[in-house]
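The sequence and the structure are shown first.

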Amino acid sequence: MKLPVHIAEKLLQLLQGDTVSSSAAKHAIIEDLIVEGIIERRGRIQKTLFITNKNACQIYLQSKYSINDLVQYIQTIKQTDVSRSQLVAASSDSKLKAIRTFKGFLVNSYLPLKASINGAEITLNPTDGIFQFIYDYEQFIIPSDVTVIGIENPENFREISKQRNLFEDLTPLFVSRYPQNQSKDLLKWLLSISNNYLHFGDFDLAGIGIYLNEYKKYLADRATFFIPDNIEEIIAKYGNRSRYNNQKENFGISSLKEKELLRLIEIMHKYKKGLDQEVFIGF
């Protein structure tokens, strides 16, 4: 059992010489301290807690919960951005609080791309088979003329050099939507920069839904959906009927402002087919 922060705060009040209402500190730990004679409950109707032995209370916290400094413990637990090393310092338990230690997102590129992170100049130039992972994305800055291209599927992200003909007019930085638990980090970064975002996903209702609900909704005019000029020909030839039949729209057509996206939806309805983006690898 760990020491709940609200009970820790009540104990701190007692150690500082205050009294605490018994009803405000109901917990098995308080009862244990009363049995140990460290805390005393007084009063008939409105019962109040008093500490009788501060030194014994501090020894109890240290031996039971490895808490050497109650103030530090409370401050650490209440922090929203805390490291495992801080948790160990506060209570000798790195798992005292659920935290994310692996944040950020993957990037890829087929061209050398200048950027900066934490104020230091870097060059993004992954070799074949190697991706770069941006951890301190809050301090990750790219040139304003770079278009961020979000790729929905892992294989397309891995094989971007085989799809470079699709983006010849752009200076691209490719980012991966996966793993999904990192996607909010990616969105936070996109919201912090002014660069345009191009979504390269599956050409089906689910892919459009991902774009609209996860990116367009937040990035507004900075976000567009990648649609090749010959998309109708490709869907007609390589599209999959089950991809179309098994999906339902999770967005409102009436709210769409992008003419090309509306045209794409019409093409899918016309052929009753959806298209996996993997078709463009080496196309």
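## Helix α8 and the residue after it

A220, the residue that follows helix α8, has a positive phi near 55 degrees. The model is a predicted one. Helix α8 itself covers residues 205-219, a run of 15 residues. From its first C-alpha to its last it reaches 20 Å, close to the 21 Å expected at 1.5 Å a residue.

Strand β2 (residues 39-42) pairs with strand β3 (residues 48-51) in the antiparallel sense, over four bridges. Within this pair, R42 stands opposite T48 of β3.

Five residues lie between the two strands of the hairpin. In this hairpin, G43 adopts a positive phi near 105 degrees.

## The sheet β6-β5-β8

Three strands form an open sheet in the order β6-β5-β8, and their pairing is antiparallel. The edges are taken by β6 (120-124) and β8 (140-141); each has a single partner strand, so one side of each is left without a neighbour in the sheet.

The antiparallel pairing of β5 (residues 113-117) with β6 runs over five bridges. A115 has I122 in β6 as its bridge partner.

How values were computed. Residues are numbered from 1 along each chain as its sequence is written. This is a predicted model: local features need pLDDT of at least 70, side-chain atom pairs count only at pLDDT 80 or more; totals for chains, interfaces and linings use all residues. Side-chain values use heavy atoms; hydrogens and water are left out. Two strands pair if DSSP finds at least two bridges between them. The expected span of a helix is 1.5 Å times one less than its number of residues.
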